[in-house]
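Have the viewer open while you read.

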Amino acid sequence: QVQLVESGGGLVHPGGSLRLSCAASGNIFSISVMGWYRQAPGKERELVARISRFGTTNYADSVKGRFTISRDNAKTTVYLQMSSLKPEDTAVYYCNAVDGREFWGQGTQVTVSS
């Protein structure tokens with residue numbers, strides 16, 4: 001089992017920045033990919049960014065150039081640095097980890113509004 005705990009969400013003005021953190025615990029050595037997804041009201045959950053155990057990253061087109069996913073050297077915490085935030089980035093952001101099974105965090109709200 002893998003446990004994921006997110007932090008760092010909040011309210012920010014358009015053009016502002018936020019950094020989300022996701023701390024993983026449990027059987028972390030089996031994790032192959034960690035990432036961030038988001039779900040806005042009335043919409044399906046979508047991939048935002050992910051990073052493999054080898055450091056390969058993928059981003060949704062809508063966030064390329066604005067968001068950066070990274071992790072600490074111990075590979076137990078994944079970060080999502082979000083810049084130039086837009087109102088359409090408003091959503092609940094979920095941390096995800098895969099070791100053949102999928103694990104999810106509880107989600108953290110990000111609201112971009114003036």
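## What you're looking at

Keep in mind that this is a predicted model. The numbers below are computed from its atoms.

## The disulfide

Let's start with the cysteines. A disulfide is a covalent bond between the sulfur atoms of two cysteines. The count here comes to one disulfide, and the partners are Cys22 and Cys95, with their sulfur atoms 2.0 Å apart. Cys22 sits in strand β3 (residues 18-26) and Cys95 in strand β9 (residues 91-98), so the pair links distant parts of the chain, 73 residues apart.

If you care about the torsion, it comes out at -85 degrees about the S-S bond, making the link of Cys22 and Cys95 left-handed. Are these two cysteines buried or exposed? Cys22 is buried, and Cys95 is too.

## A threonine tucked away

Next, jump to Thr108, which belongs to strand β11 (residues 108-112). Thr108 counts as buried because its relative accessibility is 12%, and the cut-off for that label is under 20%.

Which residues does Thr108 touch, once those up to four places away in sequence are set aside? The list is Glu6, Gly8, Gly9, Leu20, Ala91, Val92 and Tyr93.

## The largest pocket

Now for the open space. The largest pocket holds about 210 Å³. It is lined by 15 residues, and those closest to its centre are Ile28, Ile31, Arg53, Arg71 and Lys75.

How does the lining of the largest pocket divide by residue type? There are eight nonpolar, four polar and three charged residues. As for where the lining comes from, β4 (33-39), β5 (46-52) and β8 (77-82) each contribute at least two residues.

## An exposed loop residue

Last stop: Ala74, in the loop between β7 (67-71) and β8. Is Ala74 buried or exposed? Ala74 counts as exposed because its relative accessibility is 52%, and the label needs a value over 50%.

Methods. Residues numbered from 1 in each chain as written. Predicted model: local features only at pLDDT ≥ 70, side-chain atom pairs only at ≥ 80, totals over all residues. Heavy atoms only, no water. 1 Å grid on protein atoms, 1.4 Å probe; cavity = no way out; pocket = protein on both sides within 12 Å on 5 of 7 lines; lining within 4 Å. Points joined across faces, edges and corners; volume = space filled by probe spheres on them. Helix = DSSP H or I, 4+ residues; strand = E, 2+ residues; numbered from the N terminus. Nonpolar A, V, L, I, M, F, W, Y, C, P; charged D, E, K, R; others polar. Buried < 20%, exposed > 50% of the residue type's maximum accessible area, 1.4 Å probe, protein only. Contact = heavy atoms within 4.5 Å. Disulfide = S-S within 2.5 Å.
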